Amino acid sequence: MIDLRRVDDREHLLLASYAMHSRDSAGRMRPELAHDYRGPFARDRDRVLHSSAFRRLSGKMQVFTGEMGEYHRTRLTHTFEVASVARTIARALRLNEDLTETLALVHDIGHPPYGHCGEDVLAEMLAPWGGFSHNQFAITIVTELEQRYTDFPGLNLSLEVLSGQDTRAHKAAAAVGRAPLLEVQIVDLADSIAYDAHDVDDALQMGVIEFEELSRLSLIARASRQVRDRYGTLPPNRRRQALVHELVDLQIGDLLESSMETLRVVDGQSADELRASGVRLMHSPEVAEERQELETYLFEAVYRHPRLVTVREAASGRLRELVEGLIHRPDRLPLRFRTRATEVGVARSVGDYLAGMTDRFCDTQHHYFTTHPAGPLTDW
(Lines give C-alpha, C1' and ligand atoms only; values in the text may rest on other atoms or scores of the structure.)
Protein backbone atom coordinates (compact mmCIF):
# COMPACT_ATOMS: atom_id res chain seq x y z
CA MET A 1 0.00 0.00 0.00
CA ILE A 2 1.34 3.45 -0.95
CA ASP A 3 2.00 5.70 2.06
CA LEU A 4 2.95 9.25 1.06
CA ARG A 5 4.47 9.82 4.49
CA ARG A 6 7.25 7.45 3.44
CA VAL A 7 10.04 9.04 1.42
CA ASP A 8 10.52 6.01 -0.82
CA ASP A 9 6.81 5.91 -1.73
CA ARG A 10 6.70 9.62 -2.53
CA GLU A 11 9.81 9.44 -4.66
CA HIS A 12 8.54 6.34 -6.48
CA LEU A 13 5.44 8.28 -7.53
CA LEU A 14 7.04 11.64 -8.31
CA LEU A 15 10.60 11.09 -9.53
CA ALA A 16 11.84 9.92 -12.90
CA SER A 17 13.72 6.64 -13.06
CA TYR A 18 16.98 8.51 -13.72
CA ALA A 19 16.63 10.79 -10.68
CA MET A 20 18.74 10.04 -7.61
CA HIS A 21 16.36 8.13 -5.33
CA SER A 22 16.96 8.21 -1.58
CA ARG A 23 16.78 4.43 -1.37
CA ASP A 24 19.86 4.22 -3.63
CA SER A 25 22.02 6.53 -1.52
CA ALA A 26 25.44 5.19 -0.59
CA GLY A 27 24.88 6.52 2.92
CA ARG A 28 27.20 8.62 5.07
CA MET A 29 30.79 8.34 6.26
CA ARG A 30 29.36 7.73 9.74
CA PRO A 31 26.22 5.56 9.49
CA GLU A 32 23.02 6.94 10.99
CA LEU A 33 19.56 5.53 11.57
CA ALA A 34 16.95 6.54 8.99
CA HIS A 35 14.57 9.33 9.95
CA ASP A 36 10.84 8.60 10.25
CA TYR A 37 9.62 11.16 7.70
CA ARG A 38 12.67 12.94 6.24
CA GLY A 39 14.89 11.44 3.58
CA PRO A 40 18.68 11.64 3.76
CA PHE A 41 18.94 14.60 1.40
CA ALA A 42 16.29 16.61 3.24
CA ARG A 43 18.30 16.09 6.42
CA ASP A 44 21.44 17.21 4.57
CA ARG A 45 19.67 20.36 3.43
CA ASP A 46 18.72 21.27 6.98
CA ARG A 47 22.23 20.60 8.28
CA VAL A 48 23.72 22.96 5.72
CA LEU A 49 21.02 25.56 6.31
CA HIS A 50 21.69 25.61 10.07
CA SER A 51 25.49 25.61 9.79
CA SER A 52 27.61 28.56 10.90
CA ALA A 53 29.39 28.67 7.54
CA PHE A 54 26.09 29.08 5.71
CA ARG A 55 25.06 32.02 7.89
CA ARG A 56 28.42 33.70 7.25
CA LEU A 57 27.58 33.86 3.53
CA SER A 58 25.45 36.91 4.36
CA GLY A 59 28.68 38.83 5.02
CA LYS A 60 30.51 37.73 1.88
CA MET A 61 30.03 39.76 -1.28
CA GLN A 62 29.31 38.16 -4.64
CA VAL A 63 31.13 40.52 -7.04
CA PHE A 64 30.85 44.05 -5.66
CA THR A 65 32.18 44.80 -2.20
CA GLY A 66 30.42 46.74 0.54
CA GLU A 67 32.23 49.97 -0.30
CA MET A 68 30.22 50.15 -3.55
CA GLY A 69 26.77 50.20 -1.99
CA GLU A 70 24.21 47.97 -0.29
CA TYR A 71 21.96 46.92 -3.17
CA HIS A 72 24.09 44.22 -4.72
CA ARG A 73 24.01 40.54 -3.93
CA THR A 74 25.87 38.69 -1.23
CA ARG A 75 26.91 35.05 -1.42
CA LEU A 76 23.84 34.21 0.65
CA THR A 77 21.29 35.93 -1.59
CA HIS A 78 23.01 34.44 -4.64
CA THR A 79 22.82 30.98 -3.05
CA PHE A 80 19.08 31.28 -2.47
CA GLU A 81 18.62 32.43 -6.06
CA VAL A 82 20.59 29.43 -7.36
CA ALA A 83 18.50 27.12 -5.16
CA SER A 84 15.30 28.63 -6.57
CA VAL A 85 16.39 28.18 -10.18
CA ALA A 86 17.71 24.67 -9.53
CA ARG A 87 14.52 23.54 -7.79
CA THR A 88 12.44 24.82 -10.70
CA ILE A 89 14.52 22.81 -13.15
CA ALA A 90 14.58 19.72 -10.92
CA ARG A 91 10.80 19.75 -10.54
CA ALA A 92 10.20 20.08 -14.27
CA LEU A 93 12.61 17.22 -15.02
CA ARG A 94 11.29 15.09 -12.11
CA LEU A 95 14.65 14.99 -10.36
CA ASN A 96 15.31 14.83 -6.61
CA GLU A 97 14.53 18.33 -5.31
CA ASP A 98 15.92 17.67 -1.81
CA LEU A 99 19.30 16.64 -3.20
CA THR A 100 19.25 19.48 -5.72
CA GLU A 101 18.49 22.08 -3.05
CA THR A 102 21.21 20.75 -0.74
CA LEU A 103 23.79 20.90 -3.52
CA ALA A 104 22.70 24.46 -4.32
CA LEU A 105 22.91 25.58 -0.68
CA VAL A 106 26.39 24.11 -0.22
CA HIS A 107 27.85 25.12 -3.59
CA ASP A 108 29.29 28.51 -2.48
CA ILE A 109 29.82 27.79 1.20
CA GLY A 110 33.59 27.67 0.74
CA HIS A 111 33.99 31.15 -0.78
CA PRO A 112 36.52 33.39 1.03
CA PRO A 113 35.96 37.09 1.78
CA TYR A 114 36.16 39.81 -0.89
CA GLY A 115 34.47 37.99 -3.75
CA HIS A 116 36.56 36.65 -6.62
CA CYS A 117 39.67 38.58 -5.63
CA GLY A 118 39.79 36.83 -2.25
CA GLU A 119 40.04 33.46 -3.96
CA ASP A 120 42.68 34.79 -6.39
CA VAL A 121 44.86 35.97 -3.49
CA LEU A 122 44.60 32.72 -1.53
CA ALA A 123 45.19 30.58 -4.64
CA GLU A 124 48.32 32.54 -5.48
CA MET A 125 49.82 32.81 -2.01
CA LEU A 126 49.07 29.22 -1.02
CA ALA A 127 50.33 27.79 -4.32
CA PRO A 128 53.42 26.21 -2.69
CA TRP A 129 51.08 24.32 -0.35
CA GLY A 130 48.53 23.12 -2.91
CA GLY A 131 46.76 26.39 -3.71
CA PHE A 132 43.17 27.19 -2.81
CA SER A 133 39.80 26.28 -4.33
CA HIS A 134 36.52 27.42 -2.80
CA ASN A 135 34.89 24.23 -4.04
CA GLN A 136 37.45 22.08 -2.26
CA PHE A 137 37.31 24.27 0.83
CA ALA A 138 33.54 23.71 0.99
CA ILE A 139 34.26 20.01 1.52
CA THR A 140 36.76 20.88 4.26
CA ILE A 141 34.10 22.99 5.97
CA VAL A 142 31.37 20.34 5.98
CA THR A 143 33.67 17.43 6.86
CA GLU A 144 36.15 19.04 9.29
CA LEU A 145 35.58 22.64 10.36
CA GLU A 146 31.89 22.81 11.22
CA GLN A 147 31.31 21.97 14.88
CA ARG A 148 27.74 20.72 15.27
CA TYR A 149 28.21 17.37 16.97
CA THR A 150 30.10 16.26 20.06
CA ASP A 151 31.25 12.90 18.64
CA PHE A 152 32.78 14.00 15.35
CA PRO A 153 33.63 17.08 13.26
CA GLY A 154 31.65 18.21 10.25
CA LEU A 155 28.03 17.69 9.24
CA ASN A 156 28.21 14.02 8.18
CA LEU A 157 26.44 14.72 4.89
CA SER A 158 25.39 12.04 2.43
CA LEU A 159 28.11 10.75 0.16
CA GLU A 160 26.13 11.97 -2.89
CA VAL A 161 26.32 15.55 -1.63
CA LEU A 162 30.06 15.28 -0.92
CA SER A 163 30.66 13.64 -4.30
CA GLY A 164 28.62 16.34 -6.05
CA GLN A 165 30.66 19.10 -4.44
CA ASP A 166 33.87 17.25 -5.29
CA THR A 167 32.71 17.19 -8.92
CA ARG A 168 32.57 21.00 -8.83
CA ALA A 169 36.14 21.02 -7.50
CA HIS A 170 37.30 18.90 -10.45
CA LYS A 171 35.19 20.16 -13.34
CA ALA A 172 37.69 19.25 -16.05
CA ALA A 173 37.72 15.60 -15.02
CA ALA A 174 33.92 15.56 -14.68
CA ALA A 175 33.45 16.85 -18.24
CA VAL A 176 34.47 13.53 -19.81
CA GLY A 177 33.62 9.89 -19.24
CA ARG A 178 31.20 9.00 -16.48
CA ALA A 179 28.77 11.89 -15.98
CA PRO A 180 27.82 13.51 -12.67
CA LEU A 181 24.34 12.96 -11.28
CA LEU A 182 21.74 15.06 -13.10
CA GLU A 183 21.04 16.89 -9.84
CA VAL A 184 24.70 17.93 -9.71
CA GLN A 185 24.62 19.05 -13.33
CA ILE A 186 21.56 21.26 -12.98
CA VAL A 187 22.96 23.05 -9.91
CA ASP A 188 26.03 23.95 -11.94
CA LEU A 189 23.79 25.20 -14.76
CA ALA A 190 21.51 27.06 -12.33
CA ASP A 191 24.54 28.78 -10.79
CA SER A 192 25.59 30.05 -14.20
CA ILE A 193 22.05 31.18 -15.10
CA ALA A 194 21.66 33.04 -11.82
CA TYR A 195 24.98 34.86 -11.73
CA ASP A 196 24.82 35.94 -15.38
CA ALA A 197 21.39 37.52 -14.95
CA HIS A 198 22.00 38.95 -11.50
CA ASP A 199 25.43 40.39 -12.27
CA VAL A 200 23.68 42.24 -15.08
CA ASP A 201 21.08 43.43 -12.55
CA ASP A 202 23.66 44.64 -10.00
CA ALA A 203 25.88 46.29 -12.61
CA LEU A 204 22.97 48.16 -14.22
CA GLN A 205 21.59 49.32 -10.89
CA MET A 206 25.00 50.61 -9.78
CA GLY A 207 25.66 52.36 -13.09
CA VAL A 208 28.68 50.25 -14.00
CA ILE A 209 27.17 49.44 -17.42
CA GLU A 210 24.45 51.05 -19.56
CA PHE A 211 21.39 49.55 -21.25
CA GLU A 212 22.42 50.78 -24.69
CA GLU A 213 25.80 49.08 -24.60
CA LEU A 214 24.43 45.90 -23.06
CA SER A 215 21.66 45.67 -25.68
CA ARG A 216 24.23 44.99 -28.41
CA LEU A 217 24.57 41.45 -27.02
CA SER A 218 22.39 38.81 -28.68
CA LEU A 219 20.90 37.30 -25.51
CA ILE A 220 20.15 40.71 -24.01
CA ALA A 221 18.64 41.90 -27.29
CA ARG A 222 16.35 38.88 -27.40
CA ALA A 223 15.24 39.32 -23.79
CA SER A 224 14.74 43.05 -24.35
CA ARG A 225 12.49 42.41 -27.36
CA GLN A 226 10.32 40.11 -25.30
CA VAL A 227 10.09 42.71 -22.52
CA ARG A 228 9.17 45.42 -25.04
CA ASP A 229 6.58 43.23 -26.76
CA ARG A 230 4.99 42.37 -23.44
CA TYR A 231 5.13 45.68 -21.58
CA GLY A 232 5.94 48.39 -24.12
CA THR A 233 8.15 51.25 -22.92
CA LEU A 234 9.11 51.05 -19.23
CA PRO A 235 10.98 53.45 -16.94
CA PRO A 236 14.65 52.41 -16.39
CA ASN A 237 14.19 50.70 -13.02
CA ARG A 238 11.18 48.65 -14.14
CA ARG A 239 12.91 47.88 -17.42
CA ARG A 240 15.92 46.51 -15.56
CA GLN A 241 13.77 44.30 -13.35
CA ALA A 242 11.78 42.98 -16.30
CA LEU A 243 14.97 42.31 -18.26
CA VAL A 244 16.51 40.27 -15.45
CA HIS A 245 13.32 38.25 -15.04
CA GLU A 246 13.21 37.57 -18.77
CA LEU A 247 16.89 36.60 -18.86
CA VAL A 248 16.36 33.96 -16.18
CA ASP A 249 13.12 32.68 -17.69
CA LEU A 250 14.57 32.53 -21.20
CA GLN A 251 17.59 30.51 -20.11
CA ILE A 252 15.59 28.10 -17.96
CA GLY A 253 13.09 27.55 -20.76
CA ASP A 254 15.82 26.78 -23.27
CA LEU A 255 17.59 24.42 -20.87
CA LEU A 256 14.39 22.54 -20.09
CA GLU A 257 13.48 22.15 -23.76
CA SER A 258 16.93 20.85 -24.60
CA SER A 259 17.08 18.57 -21.53
CA MET A 260 13.65 17.03 -22.06
CA GLU A 261 14.67 16.10 -25.59
CA THR A 262 17.83 14.44 -24.25
CA LEU A 263 16.05 12.59 -21.44
CA ARG A 264 13.09 11.42 -23.50
CA VAL A 265 15.17 8.63 -25.07
CA VAL A 266 16.64 7.38 -21.77
CA ASP A 267 13.42 7.15 -19.73
CA GLY A 268 13.49 3.92 -17.74
CA GLN A 269 17.21 4.02 -17.02
CA SER A 270 18.46 4.44 -13.47
CA ALA A 271 20.61 7.33 -12.27
CA ASP A 272 23.66 5.07 -12.29
CA GLU A 273 22.98 3.83 -15.81
CA LEU A 274 22.57 7.38 -17.03
CA ARG A 275 25.87 8.37 -15.45
CA ALA A 276 27.65 5.43 -17.03
CA SER A 277 26.37 6.41 -20.47
CA GLY A 278 27.79 9.92 -20.02
CA VAL A 279 24.53 11.88 -20.45
CA ARG A 280 25.08 15.60 -19.90
CA LEU A 281 22.46 18.34 -19.94
CA MET A 282 23.13 21.61 -21.73
CA HIS A 283 21.58 24.62 -23.40
CA SER A 284 20.79 24.67 -27.10
CA PRO A 285 23.81 25.61 -29.26
CA GLU A 286 22.29 29.03 -30.04
CA VAL A 287 21.69 30.01 -26.41
CA ALA A 288 25.01 28.52 -25.30
CA GLU A 289 26.80 30.78 -27.80
CA GLU A 290 24.79 33.81 -26.69
CA ARG A 291 25.55 33.07 -23.04
CA GLN A 292 29.25 32.87 -23.80
CA GLU A 293 29.09 36.27 -25.48
CA LEU A 294 27.37 37.73 -22.41
CA GLU A 295 29.88 36.22 -19.97
CA THR A 296 32.82 37.51 -22.01
CA TYR A 297 31.28 40.99 -21.96
CA LEU A 298 30.64 40.86 -18.20
CA PHE A 299 34.22 39.81 -17.54
CA GLU A 300 35.62 42.77 -19.44
CA ALA A 301 33.05 45.47 -18.71
CA VAL A 302 32.09 44.63 -15.14
CA TYR A 303 34.69 42.49 -13.38
CA ARG A 304 37.49 44.67 -14.77
CA HIS A 305 35.68 47.99 -14.34
CA PRO A 306 38.02 50.64 -12.83
CA ARG A 307 35.67 51.26 -9.87
CA LEU A 308 35.67 47.58 -9.03
CA VAL A 309 39.39 47.08 -9.67
CA THR A 310 40.33 49.86 -7.24
CA VAL A 311 38.26 48.39 -4.42
CA ARG A 312 39.43 44.87 -5.15
CA GLU A 313 43.08 45.88 -5.11
CA ALA A 314 42.69 47.42 -1.65
CA ALA A 315 40.89 44.32 -0.35
CA SER A 316 43.50 42.04 -1.92
CA GLY A 317 46.24 43.98 -0.17
CA ARG A 318 44.65 43.48 3.23
CA LEU A 319 44.25 39.76 2.65
CA ARG A 320 47.84 39.42 1.43
CA GLU A 321 49.14 41.09 4.58
CA LEU A 322 47.18 38.66 6.73
CA VAL A 323 48.39 35.58 4.81
CA GLU A 324 52.03 36.65 5.00
CA GLY A 325 51.79 37.85 8.59
CA LEU A 326 50.06 34.77 9.99
CA ILE A 327 52.34 32.32 8.19
CA HIS A 328 55.28 34.07 9.86
CA ARG A 329 53.40 34.47 13.17
CA PRO A 330 51.22 31.36 13.60
CA ASP A 331 51.12 32.12 17.32
CA ARG A 332 48.60 34.83 16.44
CA LEU A 333 46.12 32.31 15.04
CA PRO A 334 43.12 31.51 17.26
CA LEU A 335 43.65 28.40 19.41
CA ARG A 336 41.56 26.15 17.16
CA PHE A 337 43.66 27.01 14.12
CA ARG A 338 46.96 26.74 16.01
CA THR A 339 45.89 23.21 16.89
CA ARG A 340 44.84 22.58 13.30
CA ALA A 341 48.26 23.78 12.10
CA THR A 342 49.87 20.76 13.81
CA GLU A 343 47.65 18.51 11.67
CA VAL A 344 47.59 20.19 8.24
CA GLY A 345 50.52 22.62 8.39
CA VAL A 346 50.70 26.32 9.18
CA ALA A 347 50.00 27.64 5.68
CA ARG A 348 46.95 25.43 5.16
CA SER A 349 45.57 26.35 8.57
CA VAL A 350 46.09 30.05 7.85
CA GLY A 351 44.23 29.63 4.56
CA ASP A 352 41.36 27.81 6.25
CA TYR A 353 41.07 30.51 8.91
CA LEU A 354 41.07 33.40 6.45
CA ALA A 355 38.78 31.70 3.92
CA GLY A 356 36.09 31.26 6.55
CA MET A 357 35.90 34.98 7.31
CA THR A 358 33.26 37.44 6.20
CA ASP A 359 34.39 40.65 4.50
CA ARG A 360 33.82 42.82 7.57
CA PHE A 361 35.38 40.31 9.97
CA CYS A 362 38.47 40.15 7.75
CA ASP A 363 38.71 43.95 7.81
CA THR A 364 38.47 43.93 11.61
CA GLN A 365 41.11 41.23 12.05
CA HIS A 366 43.45 42.97 9.61
CA HIS A 367 43.16 46.20 11.58
CA TYR A 368 43.87 44.39 14.86
CA PHE A 369 46.79 42.44 13.39
CA THR A 370 48.47 45.56 12.00
CA THR A 371 47.89 47.76 15.05
CA HIS A 372 48.63 45.27 17.85
CA PRO A 373 52.01 43.54 17.86
CA ALA A 374 50.90 40.56 19.92
CA GLY A 375 47.89 38.51 20.87
CA PRO A 376 45.84 35.98 18.89
CA LEU A 377 43.13 37.05 16.47
CA THR A 378 39.49 36.17 17.03
CA ASP A 379 38.01 32.86 15.92
CA TRP A 380 34.94 33.01 13.71
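What we have is a predicted model, where local features need pLDDT of at least 70 and side-chain atom pairs count only at pLDDT 80 or more, while totals for chains, interfaces and linings use all residues. Residues are numbered from 1 along each chain as its sequence is written, and side-chain values use heavy atoms, with hydrogens and water left out.

So, aromatics. There are six aromatic pairs in the structure. By a pair I mean rings of Phe, Tyr or Trp (for Trp, the six-membered ring) with centres within 6.5 Å; planes under 30 degrees apart are stacked, over 60 edge-to-face, and the rest tilted.

Take F132 and F137. Their planes sit at 50 degrees, with 5.7 Å between the ring centres, so we call that pair tilted. Both are buried: F132 comes in at 10% relative accessibility, and F137 has a relative accessible area of 3%. Buried here is under 20% relative accessible area, exposed is over 50%, and partly exposed is in between, using a 1.4 Å probe and protein chains only.

Then there's F299 with Y303, an edge-to-face pair with 80 degrees between the planes and 6.3 Å centre to centre. Why are those two about one helical turn apart? Because they are four residues apart in helix α15, residues 285–303. Helices, by the way, are DSSP runs of H or I, at least four residues, numbered from the N terminus. F299 is partly exposed at 38%, whereas Y303 is buried at 14%.

We also get a cluster, with ring pairs linking F337, Y353 and W380. And W380 has something else going on: R336 lies over its face, 4.9 Å from the ring centre. Over at F211, the charged end of R239 sits above the ring, at 4.0 Å from its centre. The rule for a charge over a ring is NZ of Lys or CZ of Arg within 6 Å of the ring centre and within 35 degrees of the ring normal.

How many disulfides do we count? Zero, by the rule that a disulfide is a pair of cysteine sulfur atoms within 2.5 Å. For C117, the closest cysteine sulfur is the one in C362, and at 9.8 Å that's too far for a bond. C362 is in no disulfide either. As for accessibility, C117 is buried at 4%, and C362 is buried at 0%.
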